[in-house]
Amino acid sequence: MAMTIRYAVSKKLAMVAVGMLAAGCAVETGPGPQEKTEQSAAALNASTISNDVPDGITYSTGNVYFTRHYTGLVVYGGAVAEPSTAFRFPTITTASVMRTGKYSVPGQEITLWSEQGSRFGDIVWALVGGTYYGYFLSQNLSTAEVTIKRVPLAGGTAVDIAGGIGTDIDIVNGHHLLDTDGTSLFWQDATTVYRMPIGGGAHTALATTSPNTPTAGVYVTGGNVYFASSTSVESVPTSGGAVQTQYAAPTRVVTISAAPYGTSTMVAWGLYDGSAAFLLDGVTLGIKQPDGYMPTSLAPAIAESFGYVACTNTGCELNAAGNPIASGAFGLGIDLSQPSTEISFWGDSTGVHRVAVPIIF
């Protein structure tokens, strides 16, 4: 098996400038227009898709779906409320599910659903009964109770399909804590991995875990759920069964990813010490060495390779030192639909972004 870590650590990468194209957004109607790429002297020249800062993010063929929130002063009768007796201005948080095109520009976002007094987290999508739905984590800020809600991706009313699923789900620091195989929903709280029918119903505990901050997330592929438990990467069949340890780590696992590769599955992980690697057919291959930047998300690229975003307390990088991006970066996704080009999408503290990297063999 040839090792190709081209997107993660190859010295043959050439970064390019990306022209910002306004394409609007559509609901699962196919990929956006072809994007022009050119050689550039700049190390990284990303286009901003949205200025909204995401809390959770997912990608489809042509769109980006994300959750966001903002906190503002309470308004009564068209005016800001008077200060309280404690001289504190009353505020309220509004959470939203947003949709925009992969080749849109800021301002073209569409709000699918909003509500006050909540904060939304991770979001996934599925085609169920001929309708595309987004499924997302929602936390009541008064009670801290988390539930799973569903909203049509064409827009409409969000409904609660899970009831309360607990208060020990860290939707602020954890990412990709919710996933789906199109039939069931899977999620992870501080101590357990669960399954539930995608239309709602009883929750089934699939595995117990050791608490970890941040919770590294769950990924469903090939009939298995991949997750982390403190210092190990593990898997369990989606139907339930014995838990298998994929990798025993020397330190905390902070993010994972999993993707099909032929008849196998590539399972990737990032560690607290800054390193990242993946496992394929019993062979562990390196993605990055410890460098002070802790991986916050990993995404499969071409062949046996993964891209990553990694952060410190002061900033983040995309795929390598010298490619700085804003702080709080997470949710990396890679679109391989453009010939000879890998297009990366991610969210950070300044919004949702895109950059194209030509593949060089």
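The protein has one helix and 32 strands. The model is predicted. Of its 361 residues, 52% count as buried. Among contacts between residues at least 6 apart in sequence, 47% join residues at least 24 apart.

Strand β10 (118-128) was examined in detail. Eight of the eleven residues of β10 are buried, so the strand counts as mostly covered. Its partner is β11 (residues 131-140), and the two strands run antiparallel over nine bridges. Within this pairing, W125 is bridged to G134 of β11. Two residues lie between the strands of the β10 and β11 hairpin, where G129 takes a positive phi near 60°.

The largest nonpolar core has 18 residues. Inside this core, the residues with the most contacts are Y135, L137, I148, I165, I169 and L185. At least two core residues come from each of β10, β11, β12 (146-152), β13 (159-164) and β15 (184-188). The largest share belongs to β11, with three residues. A second core is separate and holds 14 residues, including Y219, A228, W269 and A277. In soluble globular proteins, nonpolar side chains tend to be buried together.

Leaving aside residues up to four places away in sequence, L137 touches R119, F120, G121 and D122, among others. Its contacts also include V146, T147 and I148. Further along the chain, L137 meets I165, I169, I171, L177 and L178.

Open space in the model was considered next. Rolling a probe the size of a water molecule over the atoms shows where empty space is left. The largest pocket has a volume of about 920 Å³. Its lining comprises 39 residues, and T58, Y59, H176, Y219 and P300 are the closest to its centre. Seven strands are listed as each giving at least two lining residues: β4 (56-59), β10, β14 (178-180), β18 (219-221), β22 (253-261), β26 (294-300) and β30 (330-335). By class, this lining has 23 nonpolar, twelve polar and four charged residues. The most comes from β26, with three residues. The lining divides into 14 nonpolar, 13 polar and four charged residues. β22 and β26 also contribute to the lining of the largest pocket, with at least two residues each.

Towards the end of the chain, A356 was examined. This residue is found in strand β32 (residues 351-358). A356 counts as buried because its relative accessibility is 0%. I334 is 22 residues from A356 in sequence. In space, the C-alpha atoms of A356 and I334 are 9.5 Å apart.

Technical notes
Residues numbered from 1 in each chain as written. Predicted model: local features only at pLDDT ≥ 70, side-chain atom pairs only at ≥ 80, totals over all residues. Heavy atoms only, no water. 1 Å grid on protein atoms, 1.4 Å probe; cavity = no way out; pocket = protein on both sides within 12 Å on 5 of 7 lines; lining within 4 Å. Points joined across faces, edges and corners; volume = space filled by probe spheres on them. Helix = DSSP H or I, 4+ residues; strand = E, 2+ residues; numbered from the N terminus. Nonpolar A, V, L, I, M, F, W, Y, C, P; charged D, E, K, R; others polar. Buried < 20%, exposed > 50% of the residue type's maximum accessible area, 1.4 Å probe, protein only. Pairing = 2+ DSSP bridges. Core = buried A, V, L, I, M, F, W, Y, C linked by side-chain atoms within 4.5 Å. Contact = heavy atoms within 4.5 Å.
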